[in-house]
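User: I am new to this structure and would like to learn how to read its features one at a time. Could you take me through them slowly?

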Amino acid sequence: MHEFPDTVRAPLRRTNSVEWGAVMEPFRIKAVEPIPFLTPEKRQQILDEADHNIFRVRASDVTIDLLTDSGTTAMSSAQWSSLFMGDESYAGASSYERFEQTAKDLTGFPEIIPIHQGRAGERILFTELLSSGQITAANTHFDSTRANVEMLQCKAVDLPCPEAADLTDQSPFKGNIDLDRLWELLAGPDGEKLGAVIMTVTNNGGGGQPVSLANLRSVQEVCQKYGVPLLLDASRFAENAHLIIAREPGQEGRSPREVARTMFDLADGCWASLKKDGLANTGGFIALRDTETAARCRELLIAWEGFPTYGGLAGRDLEALAQGLREVTDPAYLTYRADTARWFADALAEAGLPVMRPAGCHAVYADAGRLLPHIPPAEFPGVALVCELYRTAGVRTVEFGTLTLGHDDQPAPHELVRLALPRRVYTRSHLEYVVESVSDAVGRAEELTGFEITGPQAPMRHFTARLSPLGKGRDIQ
Ligand SMILES: Cc1ncc(COP(=O)(O)O)c(C=O)c1O
């Protein structure tokens, strides 16, 4: 029976629902970076100059950057030292051999194709597997996944489980696919068109919620019955494995590596953005069982990414990834990561911010729609909260509401703001600073106003849009 190491947990202290002593970083710090502190007046000026689009703000003007957990990881001393072993040979580099062996040991897939980041894998795999007019079904397609399906004139259908719709529902596996709707799709007129089923683990587009092994097993049965390939978007495979151990009956006591292997064993193939659970700043892989499919993917790889033993990466990147893939399944690290997210969600809720439940691992999602009911979806309540958190304390978060996921007159299902947790970057006291800033901003919720887009209305408008505050401007206190 596996036991989590005591070192992760400090003595408990409780205020209402929050355990303040529950998490300790299972690492110490060897290199540090200074954090910028600006005045609220300066940040207001920066926001105005950035047209209230947080993507236009320079990183050097951000105090705590919770924009994304992707590519923002702090590498370990073992990873930094592995960089020097990078073999930068064009073909047959030994760094590739180390990366390939690590990925094979982890996933059990015999074919490992390196890629520079996740979306390159999506483009290659879908170009190989799909033809125009086909459909992919997923628990939820991540936005780049959907874009790559649609660019091939195919349709991406999201089938999240019903519990996912209720942000306060405490069900443990809200990342599951809705099996009834999957059966219906297959048995209906569009069943013939289904080119692949995609399970995103954990489900980033659905709030970082995990997928259970039971759900994956059922999906595999459906896919086998109809002869449809089952693919994992495995960018957060280790976090999903940890949440299975913590939440799924019968899985307690298994190691994250064992559970991850069970997940991979159920699929025909996968791709992963290793900017997440590769614990590195760039990279990814496609991993497949079928040799012929892999050979055709490698042809596309050569045209789009590079030779199959580097796939758009430097040899040193492959070294850092191989080491990161070994570190990420450490139970102490994963326990700390999940505990941090749970503690952060509880503390934010206690500070008055409505948050999605239960917390996953890579982020806490706030319900800006509930916090700011006086701002309609068309006026982007999530943007109002993102701007206020930056103005108040220099905390950068990101809107996952109508600006990002809606279009024209169609609002997003929820007006969320994501507070992502870069891996091994911020300590508890940094997050306590965020909680205090949130408490401050929440106190002014009624004063916040909405925004309108003043240009441009591109397909991925959240990255480029200029926004202007509606209503009367207000002075900073
Ligand atoms: C679930 C998921 N899939 C795919 C991607 C795309 O990966 P990348 O940003 O490395 O292209 C991401 C990135 O955030 C993601 O979260």
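Predicted model: local features only at pLDDT ≥ 70, side-chain atom pairs only at ≥ 80, totals over all residues.

User: Which residues make the contact between helix 1 and helix 14?

Analyst: On the side of helix 1 the contact is made by Pro40, Arg43, Gln44, Ile46 and Leu47, while helix 14 brings Cys387, Tyr390, Arg391, Thr392 and Ala393. Sorted by class, the contact of these two helices has 6 nonpolar, 2 polar and 2 charged residues.

User: How should I read a sheet, and what is the strand order here?

Analyst: As a general idea, the strands of a sheet pair through backbone hydrogen bonds, either parallel or antiparallel. In this model there is an open sheet of 7 strands with mixed pairing, and the order is 4-10-9-8-7-5-6. Its edge strands are strand 4 (111–115) and strand 6 (155–158), each of which pairs on one side only. On average, neighbouring strands of the sheet are turned by 20 degrees against each other, with direction ignored.

User: How many bridges join strand 4 to strand 10, and do the two run parallel or antiparallel?

Analyst: Strand 4 and strand 10 (residues 284–288) run antiparallel and are joined by 5 bridges. Within this pairing, Ile112 stands opposite Ala287 in strand 10.

User: Which strands does helix 5 lie across, and which does helix 6 touch?

Analyst: Helix 5 (residues 143–150) lies across strand 5 (135–138), strand 6, strand 7 (194–200), strand 8 (230–233) and strand 9 (269–273), and it runs at about 145 degrees to strand 6. Helix 6 (residues 179–187) also packs on the sheet, where it touches strand 5, strand 6 and strand 7, and its direction makes about 170 degrees with that of strand 7.

User: What surrounds the ligand?

Analyst: The ligand is surrounded by 14 residues, the closest being Gln117, Arg119, Asp233, Ser273 and Lys276. By class, this shell has 1 nonpolar, 7 polar and 6 charged residues, and helix 4 (residues 118–129) gives the most to it, with 3 residues.

User: How far from oxygen atoms of the ligand are the polar side-chain atoms of Gln117 and Asn204?

Analyst: A polar side-chain atom of Gln117 lies 2.7 Å from an oxygen atom of the ligand, and for Asn204 the corresponding distance is 2.8 Å. In the side chain of Arg119, an N or O atom is 2.6 Å from an oxygen atom of the ligand. Of the 390 Å² of accessible area that the ligand has on its own, the protein covers 96%.

Key: Residues numbered from 1 in each chain as written. Heavy atoms only, no water. Pairing = 2+ DSSP bridges. Helix = DSSP H or I, 4+ residues; strand = E, 2+ residues; numbered from the N terminus. Axes fitted to C-alpha atoms, helices over the stretch in contact; angles between N-to-C directions. Contact = heavy atoms within 4.5 Å. Near = heavy atom within 4 Å. Polar contact = N/O pair within 3.5 Å; in protein donor to acceptor, adjacent residues only side chain to side chain. Areas by Shrake-Rupley, 256 points an atom, 1.4 Å probe, with all protein chains shown as cover. Nonpolar A, V, L, I, M, F, W, Y, C, P; charged D, E, K, R; others polar.
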